[in-house]
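Please read the following note alongside the sequence and the model. It is set out as numbered points, each on one topic.

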Amino acid sequence: MLWTDEFAGPPGSPPDPQVWRHETGAGGWGDEQVQRYTTSPRNAHVTPEHRLAITAHREPDGEITSARLTTHHRLSVRNGRVEARLRQPRGAGTWSAFWMLGDDLDEVGWPACGEIDVVEHVGAQPRTVHGTVHGPGYAGVGGGVGASHEASVPLADAFHTSAVTWSDDEIRWDLDGVVFHRVTPDDVPGPWPFRHGFHLLLNLAVGGRWPGNDATALRLPATLLVDRVRVLDVGGGGSVTLRA
């Protein structure tokens, strides 16, 4: 174990501010999403069971709020097994993700920094997880190099562990230990920007351009529950850096 967060803070508190920070705002986030991300503990807080609840709410004025958390400039990962035990939100229109972006995001921008989507889940596909990489020449909805895997039950019914096992020249995805996707530099139609440090992100979006995931009839609140996030060494090649 190189690092773990099991959300041991007091109930109602935000996730550990030494590790996680909020990204806020609206504007669609490049995919015509309809939520506004906030810093409110109503949208992201530790539960009495010591889980992180990321919740999308419909406010009295009709606005939809949610949370997007990142470890950028606080925690960096390179290689190893990166996993999260999650219970997905329910309902067509939800779009949750546990993912990673290259630490050079501020310098080179996206997608040059690289993106590893450990797991994406859209409520219109209640039993399906998606794992994808994005880089220069293969980025955006429908543009990444990815695969999907279907579980036997809806992913909102119980917790499931989604993970990537990542080395400089290979990334493998699994759900509950079942490997369903693998990519190497030979599998992408462009550069391979995955040989440096990455930071973690957790978010729950609403709507967006994911085909078939219309949020018109979505009933809110909807919650992504995170039981734990872990980074494990695999074969001596993984590392985690915490910045003060």
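**Note on the predicted model**

1. Pro-89 lies in the loop between strand 9 and strand 10 (94-102). Strands here are DSSP runs of type E with at least two residues, helices are runs of H or I with at least four residues, and both are numbered from the N terminus. Pro-89 is buried, with a relative accessible area of 2%. The term buried means under 20% relative accessible area, exposed means over 50%, and partly exposed is in between, with a 1.4 Å probe and protein chains only.

2. The model is predicted: local features need pLDDT of at least 70, side-chain atom pairs count only at pLDDT 80 or more, and totals for chains, interfaces and linings use all residues.

3. Which residues surround Pro-89, leaving aside its neighbours within four places in sequence? Pro-89 is in contact with Thr-94, Ser-96, His-121, Ala-156, Leu-204, Ala-222, Thr-223 and Leu-224, with those neighbours left aside. Contact means heavy atoms within 4.5 Å. Ala-222 is 133 residues from Pro-89 in sequence, yet the two are 5.6 Å apart in space, C-alpha to C-alpha.

4. Strand 9 (residues 80-87) has six of its eight residues buried, so this strand is largely enclosed by the rest of the structure. Seven bridges join strand 9 to strand 14 (residues 160-167), and the two run antiparallel. Strand 9 is also joined to strand 18 (residues 222-232) by seven bridges, again antiparallel. Two strands pair if DSSP finds at least two bridges between them. Glu-83 has Ala-163 as its bridge partner in strand 14, and Arg-81 has Leu-232 as its partner in strand 18.

5. The loop between strand 1 (3-5) and strand 2 (21-22) contains Pro-15, and Pro-17 has its place in the loop between these strands too.

6. Leaving aside neighbours within four places in sequence, Pro-15 is in contact with Phe-7, Trp-20, Ala-44, Leu-52 and Leu-69. Pro-15 and Ala-53 are 38 residues apart in sequence and 9.5 Å apart in space, C-alpha to C-alpha. For Pro-17 and Arg-74, the separation is 57 residues in sequence and 9.1 Å in space, C-alpha to C-alpha.

7. Ser-66 belongs to strand 6 (residues 64-66). Its relative accessibility is 0%, so Ser-66 counts as buried. Beyond neighbours within four places in sequence, the contacts of Ser-66 include Gln-35, Tyr-37, Asn-43, Ile-54 and Leu-204.

8. How many helices and strands does the chain have? The secondary structure comes to one helix and 19 strands. Of the 244 residues, 52% count as buried. Among contacts between residues at least 6 apart in sequence, 72% join residues at least 24 apart.

9. A compact globule of 244 residues would have a radius of gyration near 18 Å, and the chain agrees with this at 17 Å. The radius is taken over C-alpha atoms, and the globule rule is 2.2 Å times the number of residues to the power 0.38. The C-alpha trace spans about 50 × 40 × 40 Å along its principal axes.

Notes: Residues numbered from 1 in each chain as written. Heavy atoms only, no water.
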